[in-house]
Amino acid sequence: MSPALPQRLPQRLRRATLLASLVLATLPAAATPGVDEPPVPGTPPVLALPDIHEDRLPNGLRLVVVPRHSVPLVSVVLHLAPGSSAEPAGRAGLSSLTAQLRLKGARVGGQALGASALAKRAEALGGALEAGAGRGGLSTSMTVVTPHLPEALTLVAAVVREPLLAADELERLKAQTLDGLKIPLADPMQLANLAATQGAWGASVFGSQATPASVGRITLDDIRELQRRLAQPQQATLVMVGDITPEQARRLAQQTLGDWRGTDTAPPQARREPPAPQTPRTVLVNLPGAGQSGVVVTAPGVAVDSPERRAAQLATAVLGGGYSARLGAELRIKRGLTYGATAMHDSQASGGILKAAAQTKPTTAAELAQVTMDEMQRLGREAPAADELAARKASLIGGFSRQFDTTGGIAGIVLGEIERGRPLAQLRQVVPEIEAVSAEQVRDYAARHWRTDQLRTVIVGDVAASGPTLKALDPQALSIEASALDLESPTLKR
């Protein structure tokens with residue numbers, strides 16, 4: 001709306017003034033950064049990593065302390081190694097069930113507390129007990145305000161050292177776990193990821209994943225045996241991040257866990273088989289009635305300590321590390337085949353695999369798979385442009401840096417390095433190593449590891465609804481019904 005004009009002006013002058021105001025309104029005005037337009041980019045802040053202090057108690061427990069005094073919070077994590085990489089054959093999911101069952105009751109100060117009482121005790125401290133399990137170990141953690149740290153550590157230590165491991169709680173937990181497994185087995189994208197992981201790793205322990213069959217075999221005796229062999233100070237790492245000094249942390253750790261003694265029981269031994277795929281080049285899993293198809297293309301990767309690990313990380317990011325990465329640009333923006341495509345590199349001590357994944361309608365599953373493989377091949381011929389590589393580096397460095405924003409994030413980074421067996425001091429090299437990767441190194445990595453003969457594809461969906469295109473993609477493809485798929489077998493067949 002134009003501004004009101006003084007009525008005492010002559011009518012002709014009022015008209016002229018009104019016209020001038022309208023003309024001026026159409027002219028570009030000087031914009032204010034941050035108000036009328038995006039802010040002017042500033043100098044990127046330099047990531048200042050906190051100091052990491054390592055110590056060891058007389059009983060063998062490893063202590064890692066990361067002081068961060070900006071807020072009065074401390075995250076405490078008690079970690080036991082190894083994790084699922086040491087699970088017996090046919091018992092996938094044992095580590096996760098053990099970690100979760102320990103939260104369902106523990107003996108604290110000589111008093112047996114059930115699941116509800118234990119949760120209430122944690123909530124009274126303003127936090128919550130949490131548990132997790134991965135290939136490298138089992139963890140129990142809490143984040144609390146600094147004055148409540150001693151009580152929080154007491155609860156965490158009790159859960160790890162003296163869990164009740166009640167039979168009725170295990171049955172409930174198994175029922176919940178089995179119910180949760182129904183979802184990925186009925187979802188084409190999740191099922192494709194499970195099948196592709198098993199197929200790419202083959203008989204390696206790193207392809208092993210919890211299934212209804214493996215969870216059903218796990219008994220309370222299995223969990224008690226794992227707890228007995230694993231819960232020893234020599235297998236443990238205590239991480240404290242936040243408003244605490246190394247000296248305070250050591251005193252508290254000694255007071256709470258100094259009396260923990262090991263036994264003569266041999267701890268579990270982690271397995272480290274390299275990838276050994278035994279599936280054909282293409283696997284088609286028929287999931288009748290599925291409205292979408294999940295497509296996963298896998299390729300060889302590299303181990304966590306490989307000199308090529310940063311080139312692998314950048315190549316993966318250029319391929320599928322965001323909306324504007326190559327898969328996103330080609331599959332979503334240009335062709336409209338999917339809402340999103342991703343790529344991830346799973347790196348372990350014995351090797352690694354790449355997984356490029358996307359979901360589409362059944363009639364375009366073959367096209368999506370072929371374009372994905374073509375883009376992987378193209379990266380081996382065409383190095384990323386300077387701005388393309390810079391964007392992916394910024395994304396990786398930004399993601400790494402943001403983990404240092406919270407005490408829990410820092411603890412997660414520390415535990416990740418511990419599980420990989422890498423010196424914590426090498427965290428300071430992450431950003432320089434990423435920045436040092438050249439476009440030519442990315443191209444050469446893709447050319448070596450993503451050759452046509454190294455690629456494997458898993459497509460899960462309604463095969464009939466896909467028409468003849470799937471068979472045309474690979475006439476030698478293995479076709480299997482989803483109901484007959486065996487996710488415990490390296491061949492995916494029963």
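The following dialogue explains how to read several features of this predicted model.

User: Which conventions apply to the numbering and to the confidence of the model?

Analyst: Residues are numbered from 1 along each chain as its sequence is written, and side-chain values use heavy atoms, with hydrogens and water left out. The model is predicted, so local features need pLDDT of at least 70 and side-chain atom pairs count only at pLDDT 80 or more, while totals for chains, interfaces and linings use all residues.

User: How many helices and strands does the protein chain have?

Analyst: Helices (H or I, at least four residues) and strands (E, at least two) are DSSP runs, numbered from the N terminus. The protein chain has 18 helices and 14 strands. Its C-alpha atoms fill a box of roughly 100 × 65 × 45 Å along the principal axes.

User: What share of the residues counts as buried?

Analyst: A residue is buried under 20% relative accessible area, exposed over 50%, and partly exposed in between (1.4 Å probe, protein chains only). Of the 494 residues of the protein chain, 48% are buried. The accessible surface, from the Shrake-Rupley method with a 1.4 Å probe and, for residues, only the protein chains shown as cover, comes to about 23100 Å² for the protein chain. Carbon and sulfur atoms contribute 54% of that surface.

User: What do the contacts say about sequence separation?

Analyst: Contact means heavy atoms within 4.5 Å. Among contacts in the protein chain with a separation of 6 or more, 79% join residues 24 or more positions apart. Beyond its neighbours within four places in sequence, leucine 226 is in contact with Leu94, Ser95, Thr98 and Pro268. Leucine 226 counts as buried because its relative accessible area is 13%.

User: What is the strand order in the open sheet of six strands?

Analyst: Two strands pair if DSSP finds at least two bridges between them. The order in this open sheet is β11-β12-β10-β13-β9-β14, and the pairing is mixed. At the edges are β11 (341–348) and β14 (478–481), each of which pairs on one side only. From one strand to the next, the twist averages 20°. Within the sheet, β10 (residues 293–300) and β13 (residues 456–461) pair in the antiparallel sense over five bridges; valine 297 stands opposite threonine 457 in β13.

User: Which helices lie on these strands, and at what angles?

Analyst: Axes are lines fitted to C-alpha atoms, for helices over the stretch in contact, and angles run from 0 to 180 degrees between N-to-C directions. Helix α10 (residues 309–320) packs on the sheet and touches β11 and β12 (351–360), with its direction at about 165° to that of β11. Helix α12 (residues 365–379) lies across β10, β12 and β13 and runs at about 25° to β10.

User: What does helix α11 pack against?

Analyst: The buried residues of helix α11 (residues 326–334) are Arg326, Leu327, Gly328, Glu330 and Leu331. They pack against α10, β11, β12, α12 and α13 (386–402). After α11 comes glycine 336, which has a positive phi near 65°.

User: How many salt bridges does the structure hold, and which residues does glutamate 433 pair with?

Analyst: Side chains of opposite charge can pair when their charged atoms come close. A salt bridge is a side-chain nitrogen of Lys or Arg within 4 Å of a carboxyl oxygen of Asp or Glu. The structure holds 26 of them. Glutamate 433 forms one with arginine 309, where the closest N and O atoms are 3.4 Å apart. Glutamate 433 lies in helix α15 (residues 430–436) and arginine 309 in helix α10, so this pair ties together parts 124 residues apart in sequence. Glutamate 433 also forms a salt bridge with arginine 310, with the closest N and O atoms 2.8 Å apart. That pair likewise links helix α15 to helix α10, its residues being 123 apart. Arginine 310 is buried because its relative accessibility is 14%, whereas glutamate 433, at 23%, counts as partly exposed.

User: Which other residues take part in salt bridges?

Analyst: Glu330, Lys334, Arg335 and Glu367 are linked in a network of salt bridges. Arginine 451 and aspartate 453 also meet in a salt bridge (3.2 Å, N to O). Of these two, arginine 451 is partly exposed at 37% relative accessibility, and aspartate 453 is exposed at 55%.
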